[in-house]
Amino acid sequence: MPSECWRSCQNKYFRSTRACHKTRKNGGVGAAVITGYKAAIADGMQVIVKIDGDGQMDPSLIHRFIRPILSGEADYTKGNRFFELQDVKDMPAVRLFGNAVLSFVNKLSSGYWDIFDPTNGYTAIHSCVAQKLPFDKISKRYFFESDMLFRLNTLKAVVVDIPMQARYANEVSNLKISKIIFEFAGNHFKNFFQTYFYNYYLRDVSIASFELPIGFIMLIFGIVYGLQRLFTIRSNRHSYKPWLGNDLRSQYTNRYSTVAGVFII
């Protein structure tokens with residue numbers, strides 16, 4: 001953590017029963033959270049709650065996050081700022097759009113189709129589940145929350161969204177979209193194929209194990225074949241006769257292959 005935050009933490013908590021842990025270097029939000037996880041596990045904690053220090057998360061909601069874990073309904077809980085419509089109206093438009101896109105992409109890469117708001121930092125986890133996480137493999141920077149969902153899916157952990165309302169003031173985010181967009185895209189792409197391999201080949205084999213590759217092949221064939229036909233038509237537009245049998249069969253082949261590929265996927 002930054003040195004000024006560390007000094008403030010020392011002055012406020014070191015004389016109480018609480019503890020502060022300092023990382024050797026600023027490794028990012030993920031590195032800081034993992035340091036806290038390891039310390040909580042070593043201290044024998046049962047449930048580990050993580051709250052960001054930007055003032056946007058209400059500590060009075062902690063009981064909502066730990067209750068499903070203590071009752072055995074969940075292994076990991078996370079906040080969802082999109083659950084109530086009246087809460088969404090206070091969210092900046094850019095952040096609203098960005099989180100909606102990230103939520104859809106994260107559904108693909110993590111395998112949790114009923115989870116929304118993947119970058120939400122208000123979380124709680126059972127220590128038994130935390131102990132099984134590969135801390136050395138989890139992203140240490142801004143992709144941490146999204147990568148956590150992927151890692152939890154590999155453990156078959158139950159994840160539950162907790163409705164919450166974020167507090168927005170005049171905070172200035174250090175997150176620069178231009179710097180992380182390619183990192184996020186690459187990591188989601190990698191996690192998607194790992195999730196698919198783990199769930200449909202390594203741990204189980206079902207009809208879906210064959211449907212997805214067949215669907216991709218048909219979809220790619222339809223797109224490539226359609227583009228090839230388009231270029232051919234454009235280069236021979238003066239002599240092109242769409243009513244001829246070969247051209248009609250080509251059109252149907254392209255359309256059916258593309259549509260069938262999408263439906264199979």
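In the model, helix α5 passes helix α7 in a right-handed crossing, a crossing being right-handed if the near helix is turned clockwise from the far one by less than a right angle, and left-handed if anticlockwise. The contact, meaning heavy atoms within 4.5 Å, is made by N106, S109 and S110 of α5 and by S146, L149, F150 and N153 of α7. By class, this contact of α5 with α7 comprises 2 nonpolar, 5 polar and no charged residues; Ala, Val, Leu, Ile, Met, Phe, Trp, Tyr, Cys and Pro count as nonpolar, Asp, Glu, Lys and Arg as charged, and the others, Gly among them, as polar. The structure is a predicted model, in which local features need pLDDT of at least 70 and side-chain atom pairs count only at pLDDT 80 or more, while totals for chains, interfaces and linings use all residues. Residues are numbered from 1 along each chain as its sequence is written, and side-chain values use heavy atoms, with hydrogens and water left out.

The axes of α5 (residues 93-110) and α7 (residues 144-154) come within 9 Å and cross at roughly 30°. Axes are lines fitted to C-alpha atoms, for helices over the stretch in contact, and angles run from 0 to 180 degrees between N-to-C directions. Helices α5 and α7 are therefore roughly parallel to each other, given that angles under 35 degrees count as roughly parallel, over 145 as roughly antiparallel, 65 to 115 as roughly perpendicular and the rest as oblique.

Helix α7 also meets helix α2 (residues 29-42), the two axes coming within 9 Å and crossing at roughly 55°. This angle makes α2 oblique to α7.

In the protein chain as a whole, the secondary structure comes to 10 helices and 4 strands, where helices (H or I, at least four residues) and strands (E, at least two) are DSSP runs, numbered from the N terminus. From the N terminus on, the order of elements is α-α-β-α-β-α-α-β-α-α-β-α-α-α. Of the 265 residues, 35% count as buried; buried means under 20% relative accessible area, exposed over 50%, and partly exposed in between (1.4 Å probe, protein chains only). Among contacts with a separation of 6 or more, 72% are accounted for by residues 24 or more positions apart.

Helix α3 (residues 62-70) has F65, P68 and I69 as its buried residues. Seen down the axis of α3, these fall within an arc of 105°, so they line one face of the helix; the arc is that of the directions from the helix axis to the C-beta atoms. The elements covering the buried residues of α3 include β1 (47-50), β2 (76-80), β3 (123-126) and β4 (159-163). Just after α3, G72 takes a positive phi of about 85°.

Most residues other than glycine have a negative phi. In the loop between α5 and β3, however, D117 has a positive phi near 55°, and D117 counts as buried at 0% relative accessibility. In the loop between α7 and β4, K156 likewise has a positive phi, of about 60°, without being a glycine. K156 is exposed, with a relative accessible area of 52%.

The loop between β4 and α8 (177-202) holds M164, which counts as buried at 4% relative accessibility. M164 and L61 lie 103 residues apart in sequence, and their C-alpha atoms are 7.9 Å apart in space.
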